[in-house]
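Student: I have a structure to go through with you. Could we take it one point at a time?

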Amino acid sequence: MISNSRRIVLPGDLLSTNPRTAGYGTFVENGKVYAKILGLMDKSETMVKVIPLKGRYIPSPGDVVIGVIREVVSNGWNVDINSPYSAFLSLTEVEIKGRKPNDSLDLDDSIIAKVIGIDPKMKVSLTMKDKVCRPIRFGRIVAINPTRVPRVIGKKGSMIKLLKGELGIQIIVGQNGLIWLSGDRKRVDIAEEAIYIIEREAHTEGLTDRITEFIKSRKEGKENE
Amino acid sequence: MSEFKSSEEIKLIVDGKRIDGRDFNELRKIKIEAGVLKRADGSCYLEMGRNRVVAAVYGPREVHPRHLQDPSNAVIRYRYNMAPFSVEERKRPGPDRRSVEISKVSREAYEPVIMKELFPRSGIDIFVEVLQADAGTRTACINAATVALVDAGIPMKGLITSVAIAKVDGVLVVDPVKEEDNYGEADIPFAFLIRNGRIESIALLQMDGRVTVEELKKATKMAKEAVLKIYELQREAIMKKYRTEDIEE
């Protein structure tokens, strides 16, 4: 249910008359704060922001993303990261252990990488030199709307901890809306369904409790089969 | 147009009512549904009387061909197209003079409203398809495109809402049907930028035929009243999509 503090707002809706409180998803005109996107209003004493319900992924430095190699070039790889901007992974950002570059990463390989930065030409650069980064050779990738990613992670990672703990599988969430799941197939099935529920109901409250219940009931169901 | 058929032959207004029984300031029945297409980022199906249109929005996404990219803004592309079966006599498929013009003016209505500076080098594509036409398709398409843009999560300064005013048998009427458009004296489509329930500016104004200055002023006033009703319906359509998602579980 949507409580009054979190109502749905549309572009152009007046949120506040104090321009100093303007946060994400808002714009200020003539000293008034308006929403610029469709989303849920999150208003507090000091800040008013709009939590988006729809939209594309815009890369920012430090984000972990899941991408697919689209092109192999002489000094690296062009990667599709499910965003309006394509990304480039330089050869120097990959640890290659005595192999040819193409053997380590080839066309259509999926990778988990980290965004280093975006240059003024909106070219995104990636790195693989991080402990979460790796090529994906097994498991499953689930795609959701990037704006719902914070809900899948939960407050301080509570939702993701719940999924990992209850099901005992590996999960890596890309900020671009792609999620890698790996582990027992039946448990991954449950996790996948749970993620779709989270995506669909991201704008509602009490989601963590409902997911706990869902996983419990599905786990019992699977064992009785 | 009206030169060949005198208004005596076809009476468009009888006993103070219009040809389809509406009052002068009464809109046709409007039905709006948001998020009808699975593969589009945002979409909308809209019925306005016997007009039926579908709008789809894709983006922001990479622009192809590359040379169209703008290093400081997103490129907005608007395509208005009529299906061959949308009118009584089969229309030759593909863009023609008329649809290219409508695409251009509609795109120009959106350009100051969409915050394109947030997505440099990307593109936002808006496609509207007329499935069934009964006068005022450009206004119906603009109304549908607005809902689709909001549904796609595109940042905007407000909503664009559109309605046409026509002069038939010497009176101004809101939202004309085909007969009124064909045999009337003037047709004036309007589009307004609405922010927080208030009309901020005119985004589009065209005119076919002749009216006096006073009539144009009156038409603007009528359009403003009508447009606020449509604005509420547009909002309702988007809200409904997220409300039903609540009930699902």
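Tutor: Start with terms: helices are DSSP runs of H or I with at least four residues, strands are runs of E with at least two, and both are numbered from the N terminus. Keep in mind that this is a predicted model.

Student: How many helices and strands does the secondary structure of chain A come to?

Tutor: Count the runs as just defined, helices and strands separately. For chain A the tally is 5 helices and 15 strands.

Student: What share of chain A is buried?

Tutor: A residue is buried if 20 or more other C-beta atoms lie within 10 Å of its own. Chain A has 225 residues, and its C-alpha atoms fill a box of roughly 60 × 55 × 20 Å along the principal axes. The buried share of chain A is 36%.

Student: At what angle do H3(A) and H4(A) cross, and how are they oriented?

Tutor: H3 covers residues 158-167 of chain A and H4 covers residues 185-200. Their axes come within 10 Å and cross at roughly 160 degrees. Angles over 145 degrees count as roughly antiparallel. H3(A) is therefore, relative to H4(A), roughly antiparallel.

Student: Which residues of H4(A) are met by H3(A)?

Tutor: The crossing of these two helices, H3(A) and H4(A), is right-handed. By class, their contact holds 7 nonpolar, no polar and 1 charged residues. From H3(A) come Met159(A), Leu163(A) and Leu167(A). They meet Arg187(A), Ile190(A), Ala191(A), Ala194(A) and Ile198(A).

Student: Now chain B. Are H1(B) and H2(B) parallel or oblique to each other?

Tutor: H1 spans residues 97-110 of chain B and H2 spans residues 137-151. Their axes lie 11 Å apart, and the packing angle is about 40 degrees. An angle under 35 degrees would count as roughly parallel. H1(B) and H2(B) are therefore oblique.

Student: Which residues of H2(B) meet H1(B)?

Tutor: H1(B) crosses H2(B) in a right-handed sense. The contact has 4 nonpolar, 1 polar and 1 charged residues. H1(B) brings Ile102(B), Ser106(B) and Ala109(B). In H2(B) they meet Arg138(B), Cys141(B) and Ile142(B).

Student: Ser99(B) lies in helix H1 of chain B. Why does Ser99(B) count as partly exposed?

Tutor: Leave out residues up to four places away in sequence, and Ser99(B) touches Tyr80(B), Asn81(B) and Met82(B). Met82(B) is 17 residues away along the chain, yet the C-alpha separation is 7.8 Å. Being buried takes 20 or more C-beta neighbours within 10 Å. Ser99(B) counts as partly exposed because its number of C-beta neighbours inside 10 Å is 19.

Student: Which residues have the most contacts inside the largest nonpolar core?

Tutor: That core has 85 residues. A second, separate core has 39 residues, including Val94(A) and Ile198(A). In the largest core, the residues with the most contacts are Ala55(B), Val57(B), Cys141(B), Ala144(B), Ala148(B) and Ile165(B).

Student: Is Ala135(B) buried or exposed?

Tutor: Ala135(B) sits in the loop between strand E7 and H2 of chain B. Its phi is near 65 degrees, positive in a residue other than glycine. Within 10 Å there are 24 other C-beta atoms, so Ala135(B) is buried.

Student: How many residues of chain B are in contact with chain A?

Tutor: Chain A contributes 26 residues to this contact. They divide into 14 nonpolar, 6 polar and 6 charged. On the chain B side the number is 30.

Notes: Residues numbered from 1 in each chain as written. Chains lettered and ligands numbered in written order. Predicted model: local features only at pLDDT ≥ 70, side-chain atom pairs only at ≥ 80, totals over all residues. Axes fitted to C-alpha atoms, helices over the stretch in contact; angles between N-to-C directions. Parallel < 35°, antiparallel > 145°, perpendicular 65-115°, else oblique. Left-handed = near helix turned anticlockwise from the far one by under 90°. Contact = placed C-beta atoms within 7 Å. Nonpolar A, V, L, I, M, F, W, Y, C, P; charged D, E, K, R; others polar. Core = buried A, V, L, I, M, F, W, Y, C linked by C-beta atoms within 7 Å. Buried ≥ 20, exposed ≤ 12 C-beta atoms within 10 Å, placed from the backbone.
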